[in-house]
Amino acid sequence: MKHEQQHNPPMKYGMAIDLDKCTGCGACMVACMSENNIPFREDESDKLVSISWMSVFKLTNGKAFPDTEICYLPRPCQHCEGHGGHSPCVSVCPATATDYSAETGIVSQIYTRCFGCRYCMGACPYHARYFNWWDPVWPEGMEKYLSPNVSPRMRGVVEKCSFCFHRYQLAKNKAYLNDERTVPEAAYQTACTQACPAGAIVFGDLNNPAHQVHQIVKPDPRKGNKSRNPRAFRLLERLGTNPKVYYLSSREWVRRAGDNYLAHEKTGQVSNVHH
Amino acid sequence: MSTLDDKAKGVMDDDAAHAEGGEDTGAGGFIILFFIIGFAASMVLGWVVFPQFLYSQKQQPFSFNHALHVGEVGDGCESCHFFREDGSFSGIPKLAQCTECHEEPMGETEDEAIFVEQYVTRDREVPWLSYSRQPDCVFFSHVAHVVGAKMDCVTCHGHIGESESSRPYEYNRVTGYSRDIWGKNIAGFKRNSWDRMKMDDCAQCHKEAGIIHTSSVQTERDACFVCHK
């Protein structure tokens, strides 16, 4: 007898990053590097070839002293849903190496399937994807410190933030042992979320009203999951990529920096998406 | 010029002989014979000799008697291969589990002596070679199958619990993976569910059990990210 396995209602893991709390310390980047066995080079200054799944960008309002303001913006993979899971990278991958999961809402990257054409890197409007130009070289003895839960990548494949998917797998293991089928909010948190000393990153299921991230973001499904929170915005929201990483700021110039607004355009207005 | 003419004449003679279907049956027989010999030789080379080159063997540190232990312990496989509290699977036991019983030698076999002298008294972990180690890119959840789906260990691991000694560990010289993943049969045929541990075997069992996920947007089937990492 064929049957589709009974699933919990589909989840949609996402993030809310409060830019007014972020101090730009970079702890999230460090935590991500070590958690996910991200390779590094002797000289990491060439950002065209270095890899950082989580990157902190520095924004400025461009005004002269004393009106100068800066803001730090951590950028993981935005895990775009697009329309029905057709995120920009998933749509172009010819190898089914990257995929959108309807179960978790996570955009996956399978390194052993990827053959390195880098279409996805061209398609991603957030530059969240990185190419391995070399095989990873770890300093002597460091291989023993690598996480066994994350497979190190080889030369010639693309990699990106996975929302620490291995942590979800491990949390599900524990749930199975306790005869449960759902993963509690606290059991699955990304490394960057836990590392942030300012508590600027909140991670959880956007579909679950009990989760903090849902309460902050309050996504509106009728408006392409746009947040009902007036402080919230998404990067390049008007492209229709429908990302699951939301940013929060009380400063108008920061929210304005999230998209390419024309001088006469107001922030927070999402034009009707054509599809 | 005369030699060339002679050759041409010879060829013409041969052609004539073929056309008449005369005395060439002997030569044809040889060709068939050589073909059969060559075919048999390449078959032997491919199916018997090549696997010998493809796989290398290692011996376990000492021989382990599963049958004896299963008789002694109370909880079957899970006595030593248990789940940790966080849901992960312990796999091959650490020395600490063994020494719960084996503080002193418990038998008079040579293997027991090696174990106690080399590992217990020196407090060293036994460097067991894992027959069923999957490639690094694979995430396999034991708890989902054993606790969630209530499957038996034998389904994938065979009757290892009845073995009285450790067989040699064979691994592929090219990939370094255990031979148990591809299976003993070089052609890839399998009779029992535990003969191979390739992705196709996972998929086959999932198909037979009717467990179909549809979480992948690309394929509308199982998403890769369920079992790969």
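Author: Let us begin with a single pair of residues in this predicted model. A:Tyr13 stands opposite A:Asp205 in β9(A), and A:Gly14 has A:Gly204 in β9(A) as its bridge partner.

Reader: How many bridges join strand β2 of chain A to β9(A), and is the pairing parallel or antiparallel?

Author: Strands of a sheet pair through backbone hydrogen bonds, in either a parallel or an antiparallel manner. Here β2(A), residues 13-18, is joined to β9(A) by five bridges, and the two run antiparallel.

Reader: Which strand is joined to β2(A) by four bridges?

Author: That strand is β13 of chain A, residues 245-248, which runs parallel to β2(A). One facing pair is A:Met15 with A:Val245 in β13(A).

Reader: What is the order of strands in the open sheet?

Author: The four strands follow the order β9-β2-β13-β12 in chain A, and their pairing is mixed. Because β9 (201-205) and β12 (232-233) of chain A stand at the edges with a single partner strand each, one side of each has no neighbour in the sheet.

Reader: Which residues of β2(A) point one way and which the other?

Author: A:Tyr13, A:Met15 and A:Ile17 point one way from β2(A), while A:Gly14, A:Ala16 and A:Asp18 point the other way.

Reader: Are the residues of β2(A) mostly covered or uncovered?

Author: The strand is mostly covered, with six of its six residues buried.

Technical notes
Residues are numbered from 1 along each chain as its sequence is written. Chains are lettered from A and ligands numbered from 1 in the order in which they are written. This is a predicted model: local features need pLDDT of at least 70, side-chain atom pairs count only at pLDDT 80 or more; totals for chains, interfaces and linings use all residues. Two strands pair if DSSP finds at least two bridges between them. A residue is buried if 20 or more other C-beta atoms lie within 10 Å of its own, exposed if 12 or fewer, and partly exposed in between; C-beta atoms are placed from the backbone.
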